[in-house]
Amino acid sequence: MLSRSRCAYRTLGRSLSAASQANNVLCRQSVSGLTVGSQLVYRNSPPCEFGSSANVPHIRYFKTSTVHREDVVTVKTPAFAESVSEGDVRWDKAVGDSVTEDEVVCEIETDKTSVQVPAPAAGVIEELLVPDGGKVEAGMPLFKLRRGAVSAKAAPSPAAEAPAAAPPPPPPAPAAGPPVAPQAAQVQRVSAIQPAAAAPAAAPLTSAGRGEHRVKMNRMRLRIAQRLKEAQTTCAMLTTFNEVDMSNIQEMRTTHKDAFLKKHSTKLGFMSAFVRAAAHALTEQPAVNAVIDDSTKEIVYRDYVDISVAVATPKGLVVPVIRNVETMNFADIEKTINALGEKARNNELAVEDMDGGTFTISNGGVFGSMFGTPIINPPQSAILGMHGIFDRPVAIGGKVEIRPMMYVALTYDHRLVDGREAVTFLRKIKAVVEDPRMLLLDM
């Protein structure tokens with residue numbers, strides 16, 4: 001009994017190595033597998049016999065090959081946020097292109113943001129299942145990827161390995177050329193659904209040319225246009241203006257910017273002052289922070305302040321949200337603005353970053369704007385427009401002085417916000433920015 005246990009233990013322990021070293025195993029058996037009366041003989045070891053199949057485990061051997069490692073996977077459209085149901089595909093890769101793991105293959109443009117679709121593994125794009133600009137929904141197949149393969153484009157051509165002295169053969173005429181190889185034909189065929197940016201550039205216009213071209217509006221631009229038109233149709237918009245003397249806030253920034261950067265690892269800008277001043281004014285004028293629910297004919301007052309900051313991107317205007325601003329200081333606001341701005345520039349904003357918001361601030365001053373009337377971001381009830389800082393003569397104590405001045409504009413929904421509340425709100429922002437000490441005194 002002890003001898004048989006040792007033989008069985010030795011047999012199981014060597015079963016894995018027997019798969020790769022089959023030449024070391026001599027197996028006599030009546031049928032496939034291990035059956036009654038089977039005998040396994042290992043080199044340099046005594047034979048082990050089994051009298052009953054009940055005491056013998058059945059062993060199966062598996063072998064891997066390049067065919068298994070280079071299998072084809074189908075990548076599907078990722079899930080969208082609850083408020084997004086579909087999007088348009090913009091391909092960054094074509095059939096035959098090699099990709100590394102997590103390399104972006106395409107982007108899906110939705111109403112609010114763009115969703116990047118990376119490659120799940122390194123390999124070669126074998127087939128694009130949706131044309132460029134095609135509409136997709138969550139879970140739809142996007143493309144097929146052959147994992148572990150090497151692109152034919154990256155492989156060295158035989159002509160490159162020929163001696164340098166041999167001149168290359170002349171290119172054949174287009175009309176009488178030889179048949180195109182299957183791989184080349186496939187790449188040429190898929191080039192028709194390449195992204196528009198990758199298409200060959202049109203011939204340059206002459207000095208007397210009067211050409212024009214059309215570009216399809218992306219989903220984000222269409223959604224922006226729709227929302228702005230809805231705001232004009234739904235809201236009774238009215239704009240009030242004021243001007244802010246930026247002398248004190250500029251002096252504070254000049255005095256403390258180095259220490260602020262050293263302690264908080266972020267720069268001190270003017271945006272944090274206006275965001276904090278707006279949060280302070282919104283708590284005193286709750287109607288500006290409220291919204292009308294048209295479905296129930298009710299006014300919804302918020303006990304929190306979430307401020308949307310308009311950011312311009314190449315694909316359109318986005319408004320990421322800074323949440324619970326009433327609990328933040330200048331450093332927290334600057335860090336949040338920098339993080340959201342970086343995500344917007346890298347096209348990494350998620351829908352959750354832009355959902356909500358009770359008030360919006362738009363800073364056209366970064367582009368040199370002097371004056372303007374912003375449009376409400378529905379379903380909000382007001383928006384503050386900042387503009388450029390310019391030296392202008394102003395009357396100070398009966399004397400004319402040159403001060404850095406900024407025009408500010410507040411557009412509000414007159415259905416909910418009265419003129420008195422709007423003017424008071426804007427004057428509060430002016431007072432806090434001109435004298436930030438009012439925040440410390442809670443005035």
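Modeller: A residue is called buried under 20% relative accessible area, exposed over 50% and partly exposed in between, with a 1.4 Å probe and protein chains only. This is a predicted model, in which local features need pLDDT of at least 70 and side-chain atom pairs count only at pLDDT 80 or more, while totals for chains, interfaces and linings use all residues. Residues are numbered from 1 along each chain as its sequence is written, and side-chain values use heavy atoms, with hydrogens and water left out.

Biologist: What makes phenylalanine 241 and phenylalanine 371 a stacked pair?

Modeller: Rings of Phe, Tyr and Trp (its six-membered ring) pair if their centres lie within 6.5 Å, and planes under 30 degrees apart count as stacked, over 60 as edge-to-face and the rest as tilted. The structure holds four aromatic pairs. In the pair of phenylalanine 241 and phenylalanine 371 the centres are 4.8 Å apart and the planes 25° apart, which is stacked. This pair links distant parts of the chain, 130 residues apart, with phenylalanine 241 in strand E12 (residues 237-245) and phenylalanine 371 in the loop between E19 and E20; helices (H or I, at least four residues) and strands (E, at least two) are DSSP runs numbered from the N terminus.

Biologist: Why is the pair of phenylalanine 359 and phenylalanine 425 called edge-to-face?

Modeller: Their ring centres are 5.4 Å apart and their planes stand at 65°, so the pair is edge-to-face. Phenylalanine 359 belongs to strand E19 and phenylalanine 425 to helix H11 (residues 419-434), 66 residues apart, and both residues are buried.

Biologist: How do you know that arginine 392 lies over the face of tyrosine 407?

Modeller: A charge sits over a ring if NZ of Lys or CZ of Arg is within 6 Å of the ring centre and within 35 degrees of the ring normal. Arginine 392 is placed at 4.0 Å from the ring centre of tyrosine 407, and Tyr407 itself forms one aromatic cluster with Phe241 and Phe371. The charged end of arginine 253 likewise sits over the ring of phenylalanine 270, 5.3 Å from its centre.

Biologist: How many disulfides does the count come to?

Modeller: A disulfide is a pair of cysteine sulfur atoms within 2.5 Å, and by this rule the count comes to zero. Cysteine 106, with a relative accessible area of 0%, is buried, and cysteine 235, at 11%, also counts as buried.

Biologist: What makes threonine 77 a buried residue?

Modeller: Its relative accessible area is 5%, and because the limit is under 20%, threonine 77 is buried. Threonine 77 is found in the loop between strand E4 (72-76) and strand E5 (86-91). With contact meaning heavy atoms within 4.5 Å, threonine 77 touches Ile108, Val136, Glu137, Ala138, Gly139, Met140 and Leu142, not counting residues up to four places away in sequence.
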